[in-house]
Amino acid sequence: MAAIMTQNSASHICTARCADGSKKTLLRYGEYIAAQKGQRWTAPRAAVYEAVLDARRPATAYQLLEALCAKDGTDVKPATVYRALDALQELGLVARIESMNAYLACRHPQQPHEHIFLVCDDCGDAAEVADHKIAGHLRHDAASHGFKTARQVMELHGTCQHCQK
Ligand SMILES: [Zn+2]
Ligand SMILES: [Zn+2]
């Protein structure tokens, strides 16, 4: 796994189509990081992670459920999907876009970072800015005002390059 640990730490923008990290590599990393953190890498977790990776856009839990049911032809329970999504978020593999209530796979989970999302209000696509600085600055500013941050949500809304054409 050493090879995928070495990436530079500058901020960059990632979309669901970003080449940074193939699906196979990410699935393998998921299993690896779950083991590292003493969590089980169950079949539903792997399946939900794969569904998030397959989605071309941020997907809601319901859309993921539909995709899973269509793929396996089996009856996947909503609670299973939600539990898997919680676990995947905890592992840093999947991020939730609050305003859309949708999930997006992080394309470089090997690097701990906060997420800043660029959300297109026209097509519903979202890109991720992998940030290694801004979030820290904000938390630091908040702390200097005696504020204890529990959760940080950062989204920029607008129109993506494609929709501007
Ligand atoms: Zn990320
Ligand atoms: Zn767009």
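1. Leu64, Ala67 and Leu68 are the buried residues of helix 3. Buried means that 20 or more other C-beta atoms lie within 10 Å of the residue's own, exposed that 12 or fewer do, and partly exposed in between, with C-beta atoms placed from the backbone. These three cover an arc of only 100° around the axis, which puts them on the same side of helix 3; the arc is that of the directions from the helix axis to the C-beta atoms. An α-helix has 3.6 residues a turn, so residues three or four places apart point the same way.

2. This is a predicted model, in which local features need pLDDT of at least 70 and side-chain atom pairs count only at pLDDT 80 or more, while totals for chains, interfaces and linings use all residues. Residues are numbered from 1 along each chain as its sequence is written, and chains are lettered from A and ligands numbered from 1 in the order in which they are written. Helices (H or I, at least four residues) and strands (E, at least two) are DSSP runs, numbered from the N terminus.

3. The exposed residues Tyr62 and Ala70 sit on the face of helix 3 turned away from its buried side. Just after helix 3 comes Gly73, with a positive phi of about 65°.

4. Helix 2 (43–54) and helix 4 (78–90) are among the elements that cover the buried residues of helix 3. On the helix 2 side, Ala47, Val48, Ala51 and Val52 meet Leu64, Ala67 and Leu68; contact requires C-beta atoms, placed from the backbone, within 7 Å. The axes of helix 2 and helix 3 come within 10 Å and cross at roughly 110°. Axes are lines fitted to C-alpha atoms, for helices over the stretch in contact, and angles run from 0 to 180 degrees between N-to-C directions. The two helices are therefore roughly perpendicular to each other, a term for angles of 65 to 115 degrees.

5. Strand 4 (residues 114–120) pairs on two sides of the account. With strand 5 (residues 126–131) strand 4 runs antiparallel, joined by six bridges; pairing needs at least two DSSP bridges. Phe117 stands opposite Glu128 in strand 5. Five residues separate the two strands of this hairpin, and Gly124 in the turn has a positive phi of about 80°.

6. Strand 6 (residues 155–158) pairs with strand 4 in the parallel sense over four bridges. Cys120 has Gly158 as its bridge partner in strand 6.

Conventions
Contact = placed C-beta atoms within 7 Å. Parallel < 35°, antiparallel > 145°, perpendicular 65-115°, else oblique.
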